[in-house]
Amino acid sequence: MGMMAEEAKIMQIQLKCSCGEGSCPEWAIIELQGVVEVQPDFQEQLKNLKIGQICRSSEDTYTFTIGYHELTGSKVPMKKPLLVLKKIKNLNIEDNADTNPSNPFKMELEVIGIIRHKILFKTRPKALINRPQPVVKERKQSSKSGPLHYLVQDYRDGASMLIVVTSMLKLHNLLLDDVIAGHEEGSLSGKDGSRVW
Amino acid sequence: MEMEKHLNCSRGGAESVLGLKPSSSLSIAYHPEYGPHNDIVLLELDEKLLPDVFNQRVFIRGQPDDDAVLCTQSKTYAVKFVGTSNSVCLVPPSNQSGMRRKLQDHEENGCDLESASVIKLAPGSMEIVEIAPRLDKLKSLLSQAPYGIEDASEMEVEGLGRDEKGLYKWGDLVNEIQASDEELKSGLQSLSAFEIDGYWRLLDETYMDMILKMLLHNCVLLDWTLNALDEDEVLGVLESDGFPRKVAHHCLSVYGDKLQEGGCKPFWKLNDKRVSVHFARSVLREAEGNMKMERFLDEWRRKVPIGMETSLEILEGEILTEKIGIEIWIRAFRASSLPSAAADRFSILFKERPRWDWKDLQPYIRDLNIPGVSLEGLLLKYTRRVQSSSHEEPVFTAR
């Protein structure tokens, strides 16, 4: 196969959708500041593990209880809809193989959902130290009976910080299965749009 | 009871979250298939682009080292990735195929907790911003193999063994050029490219000159009216002169305008300006550099058919003039050969001349197209404006 002089060219990637506009499955986002950490013992058993409880306490208010923390938030419409895309690699068996015999694969992005609302929690969490315990037998309180989850947030000057990094995206980053993180030459901005560092 | 920790079911999904009623609550758990799912990404799109997506009319174009670009039928967008430090938990709808849990299991385990599951934490999402189409590459690709005499003569001998290097079909261009279909078509048109045997080609300039000259020669010889050329007759004669019909037709469309056809016979009128500009270009090409204005005008007028205009006004964006001593000199400087990116464009312009009068500069920047930025904005960003007094014309220099 000594004919590799030319780099394998990739074909255009189509956004495909097998659902119509009206019937695109709606996904939801629950967004909170910080990172939810799990007790080390449970890190391997995440599947089906309960994170916390969301309660809609009033028309406009939602609370999210994680471990000993309670966050308050609301349901907000997305300013622009988010499409949920799945990267699919297919064998390139189309009859326009005259354009690209050296590349056997074709990549597609399938639209598998749309997000129009999210439940956003951006307040500082309230500590629930005296949270009433459910009526549960107390006989076997193992030493690891504390909350499984705790919320870790980054505080600067007393206010919780949202950091947003924008970067250009190279096509090969999009194609790889790795986490899309874009270039290093991004720009950072704090919650109020000011540069963080 | 371990029910508090592990849920035996994950029946609920997005609809449980979005439809949560006041004074109700919902457990949130990790989905049984929770994981990085790097094959799932989020893309933010304006509502008005959604019909294009659902009609399969949106593509991501480019080669691996290019910046990712998204194209609809008519517009081009750069794709950025916006990462966030927030935890963005994605909750799929409960009946998502491929992520479905057997409902039977749930019922058997006596699961009746209202719950919803998080399948993935999204590190961020992709956003798009409209950009000008990246068409510079189009000219360089098509210039690899311009259509000339050799191609015309072997036209009838199409074989499979033909060397296809440097030749591009529409499908190839779409993979290489980061522009929407409409913008690509428009780019091909402004390059006067044409399609033959499925390939998009640029006509070699000398060959084009040959065809045009033959056409004008025939007009005189056969007493054709320049204002009403019979397409069939013209193409027929040119074909017998050795020019393939398709190529001759292309020449007509580049230098002529089709007359509104009342009947079924297509008629063409030669476009004086385009013919005139063509000959100006060929005079300058033969001179290979600077020419004295007098000599240029002389040779130009000799080539152009009688009656067609030969004033310098029509050469806007084609030539630059310079006074050296008492002589005026002229040289070719074509707007169409300049890069389309603003920064590069101004850089080349100021290399050519450090100072520009507005009337000279304008033809070289009026086609700059940066969505969201006006021409004034571009001038502010890339030039310094100098005006010695209010009744003098402003002059522009590099910033």
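## Close-up views of a predicted two-chain model

View 1. A:Ile13 stands opposite B:Ile60, a residue of strand 3 of chain B. Like every view here, this one comes from a predicted model.

View 2. Chain A brings 86 residues to the contact, and chain B brings 82 residues. Together the two chains bury about 7,700 Å², with 57% of that area on carbon and sulfur atoms.

View 3. Strand 6 of chain A (residues 69–91) gives the largest share of the side of chain A that touches chain B, with 10 residues. That side of chain A is made up of 49 nonpolar, 17 polar and 20 charged residues. Five salt bridges are counted between the two chains. One of them joins the side chains of A:Lys80 and B:Asp46, at 3.9 Å from N to O.

**View 4. B:Glu44 and A:Lys79 form a salt bridge.** Their side chains meet at 3.1 Å, N to O. B:Glu44 sits in strand 2 of chain B (residues 40–44) and A:Lys79 in strand 6 of chain A, so this pair joins two chains.

**View 5. B:Asp181 and B:Arg61 pair within chain B.** The closest N and O atoms of this salt bridge are 2.9 Å apart. B:Asp181 lies in helix 7 of chain B (residues 181–190) and B:Arg61 in strand 3 of chain B, so the bridge links distant parts of the chain, 120 residues apart. Both partners are buried: B:Asp181 has a relative accessible area of 15%, and B:Arg61 has 2%.

**View 6. B:Lys75 and B:Glu130 form another salt bridge in chain B.** Here the closest N and O atoms are 3.7 Å apart. B:Lys75 is in the loop between strand 4 (69–71) and strand 5 (76–91) of chain B, and B:Glu130 is in strand 7 (residues 120–131), so the pair ties together parts that are 55 residues apart in sequence. B:Lys75 is partly exposed at 34% relative accessibility, and B:Glu130 is partly exposed at 33%. Elsewhere in chain B, salt bridges with shared partners join B:Glu205, B:Arg281, B:Arg285, B:Glu318 and B:Arg334 into one network. Over all chains, the count comes to 34 salt bridges.

**View 7. Three strands of chain B make an open sheet.** The strand order is 8-10-9, with antiparallel pairing. Strand 8 (168–169) and strand 9 (194–196) are the edge strands, each pairing on one side only. Strand 8 pairs with strand 10 (residues 199–201) over two bridges, in the antiparallel sense. To find this pairing, look for B:Tyr168, whose bridge partner in strand 10 is B:Trp200.

Definitions and conventions. Residues are numbered from 1 along each chain as its sequence is written. Chains are lettered from A and ligands numbered from 1 in the order in which they are written. This is a predicted model: local features need pLDDT of at least 70, side-chain atom pairs count only at pLDDT 80 or more; totals for chains, interfaces and linings use all residues. Side-chain values use heavy atoms; hydrogens and water are left out. Contact means heavy atoms within 4.5 Å. Buried area is the accessible area (1.4 Å probe) that two parts lose on being put together, summed over both. A salt bridge is a side-chain nitrogen of Lys or Arg within 4 Å of a carboxyl oxygen of Asp or Glu. Helices (H or I, at least four residues) and strands (E, at least two) are DSSP runs, numbered from the N terminus. Ala, Val, Leu, Ile, Met, Phe, Trp, Tyr, Cys and Pro count as nonpolar, Asp, Glu, Lys and Arg as charged, and the others, Gly among them, as polar. Two strands pair if DSSP finds at least two bridges between them. Buried means under 20% relative accessible area, exposed over 50%, partly exposed in between (1.4 Å probe, protein chains only).
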